[in-house]
Each structure stands twice: as C-alpha cells, then as structure tokens.
There are 2 protein chains.
Amino acid sequence: MTLTLDTVFAALADPTRRAILSMLLEDDMAVTDVAAPFQISLAAISKHLTILADAGLISQEKRGRINWCKLEPDAMRNASVWMQGFGQFELIDLDAFERFLEAELDIDPTPD
Amino acid sequence: MTLTLDTVFAALADPTRRAILSMLLEDDMAVTDVAAPFQISLAAISKHLTILADAGLISQEKRGRINWCKLEPDAMRNASVWMQGFGQFELIDLDAFERFLEAELDIDPTPD
DNA sequence: GCCAAATTCAACCATCTGGTTGACCATCGC
DNA sequence: GCGATGGTCAACCAGATGGTTGAATTTGGC
C-alpha cells in the first residue's frame with residue numbers, strides 16, 4: 001500500500017501544517033491554542049489538523065470540550081526511511097528500503 | 001525560505017513521481033523510457049518530470065533529441081533532515097534541524 | 001530533404017485543496 | 001438553565017493538480 005507515503009508527504013507539503021508539527025514538538029495543545037499564532041480561521045486550522053491526523057502524524061483526543069493534539073513522530077518514520085534510500089545508502093537499513101521500493105513499484109523482487 | 005520543503009514534499013506526495021525516482025536510482029533515463037512502464041500519456045510523464053526538476057529532485061539534460069533525466073539525491077537532504085527532527089533527535093545534527101525550524105516558523109532565535 | 005522519433009506546448013476537463021463564513025453542537029462555569 | 005467557550009460541519013469559492021488530446025518543434029537516419 002502506497003497510501004501512507006501519499007498522505008504523509010502530502011500533509012508535509014503545506015507550511016502551515018509543518019509549523020503546527022513543530023509547535024507540537026514542544027507540547028500537546030488544544031485546537032484553539034494551535035490556531036492562535038496563525039492568521040487563518042479556526043475552521044481552516046481544524047481542517048489542517050484533520051489532514052495531519054489522517055496521515056497519522058498527530059492524534060487527537062477529546063477531553064471535555066478540549067480536543068488535545070499530540071505529535072505522533074512514528075508516522076514519519078516510513079517516509080524518512082524511504083527518503084534516506086536516496087543518496088545515503090550507507091546510513092540506513094537497506095532491507096527496509098527495498099521492501100518499500102517493492103511495495104511502491106509492485107514488482108516481483110528476487111524470490112527466495 | 002520554506003519553498004524548498006514545500007516543493008520537495010509536494011513532489012514526493014505523488015506515487016507516480018516516487019516510482020520515477022526509484023527507477024532513476026538505477027540509471028539515468030530518457031523521458032520516453034521513463035514513461036514506458038506507466039499507463040498514462042507521455043505528456044503527463046513530462047509534466048511529472050518538470051515537477052521533479054523544479055523541486056531539484058532530478059536534473060534534465062538535453063543531448064540531441066533525448067532529454068536525459070538524472071536523479072539528484074541531494075535535494076532530499078533538507079527534507080530528510082527536517083523529518084528526522086521528529087522523534088529521532090539522537091541521530092541527527094540538531095543545529096541543522098534548529099536552523100530549519102527557525103526558517104520555517106520565522107522566529108527570532110537566540111541571537112549571538 | 002523527408003519521415004519518424006522524442007518531447008514539449010496549449011487548451012481543456014474533473015477533481016482536490018486551502019481558504020472563507022455562518023450555523024451548529026458540546027460542555028464548562030456559575 | 002444560560003451564556004460563553006471550544007470545536008466541527010456545510011456550503012461555497014478560487015486556484016492548483018493530474019490527466020487528456022492534438023498540434024508544434026527539434027533532431028536523427030537514410
């Protein structure tokens with residue numbers, strides 16, 4: 001399934017969303033607090049958060065009327081592994097990278 | 001400038017373009033050969049290649065009527081550094097990551 | 001010189017994206 | 001209970017995206 005890389009990279013392509021992720025590095029935040037530094041509407045931020053959550057990059061947990069947003073750094077790992085396959089072979093787990101390539105290209109790799 | 005991360009991540013968000021990059025890992029290729037495995041039109045592939053080139057992920061060099069496409073793995077490095085800041089602090093150059101955060105958030109960091 | 005090959009260009013189309021506003025729905029404080 | 005707070009939903013809009021087809025352009029082979 002290529003869906004994960006699709007949604008993760010698409011989510012990361014927007015500067016507002018990357019800024020939100022950076023903010024969440026520091027601490028979990030309520031939606032309103034996430035929205036505070038931005039000029040755009042709360043509804044727009046809410047949509048951005050949905051996109052980040054769909055990509056698995058954050059999780060949201062509603063406690064009372066507060067919807068807490070929490071960074072989920074693991075979601076970036078697959079994408080990071082994929083990227084590092086380019087130009088930095090010596091640094092990464094080549095097996096993991098090849099499994100990604102196979103899934104992406106849907107080719108039949110050297111069978112055992 | 002946040003443009004680099006914008007264009008790189010946006011370019012990587014499309015599975016066709018990721019597949020093209022994977023193909024170019026093996027060798028430089030002509031546009032027609034890049035297009036061969038795909039069902040979509042040559043013109044569509046040509047557009048994808050333009051997007052990849054604009055993001056700096058590939059370069060194109062016209063020799064004769066052949067437009068050779070070459071992987072430029074360095075372009076992914078900034079994005080890779082950015083991503084690795086999330087959850088894998090011990091593995092990366094924290095200085096480089098902080099410079100990226102500053103540029104992204106446009107904040108005034110501890111001045112010297 | 002002419003035809004075919006290798007690409008790009010241009011116009012067009014459907015769909016997605018990021019934004020808006022206003023209505024709506026919980027829930028907290030009192 | 002009522003008003004304010006926190007957040008999502010729905011409808012809408014402009015512009016980007018990914019695809020198409022057909023014409024145009026450049027170059028290579030004979």
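The surface near DNA strand C in this predicted model divides into 11 nonpolar, eight polar and three charged residues. Of the 22 residues around DNA strand C, those that come nearest are A:Ser41, A:Gly64, B:Val31, B:Thr32 and B:Ser46. Which elements supply at least two residues each to this surface? From chain A there is α4 (42-54), and from chain B there are α3 (31-35), α4 (42-54) and β3 (66-71).

I turn next to the contact between the two protein chains. Chain A contributes 26 residues to this contact, and chain B contributes 26 residues as well. On the side of chain A that touches chain B, at least two residues each come from α1 (3-12), α2 (15-26), α5 (75-84) and α6 (94-105). Helix α2(A) gives the most to that side, with six residues. By class, the side of chain A that touches chain B comprises 17 nonpolar, five polar and four charged residues.

Helix α2(A) also packs against α4(A), and that pair deserves a separate remark. Two packed helices are described by the angle between their axes and the distance between the axes. Here the angle is about 75°, and the axes of α2(A) and α4(A) are 10 Å apart. Angles of 65 to 115 degrees count as roughly perpendicular, and α2(A) is therefore roughly perpendicular to α4(A). On the α2(A) side the contact is made by A:Thr16, A:Arg17 and A:Ile20, and on the α4(A) side by A:His48, A:Ile51 and A:Leu52. The residues in this contact of α2(A) with α4(A) are three nonpolar, two polar and one charged.

Note on methods
Residues numbered from 1 in each chain as written. Chains lettered and ligands numbered in written order. Predicted model: local features only at pLDDT ≥ 70, side-chain atom pairs only at ≥ 80, totals over all residues. Contact = placed C-beta atoms within 7 Å. Helix = DSSP H or I, 4+ residues; strand = E, 2+ residues; numbered from the N terminus. Nonpolar A, V, L, I, M, F, W, Y, C, P; charged D, E, K, R; others polar. Near = placed C-beta within 6 Å. Axes fitted to C-alpha atoms, helices over the stretch in contact; angles between N-to-C directions. Parallel < 35°, antiparallel > 145°, perpendicular 65-115°, else oblique.
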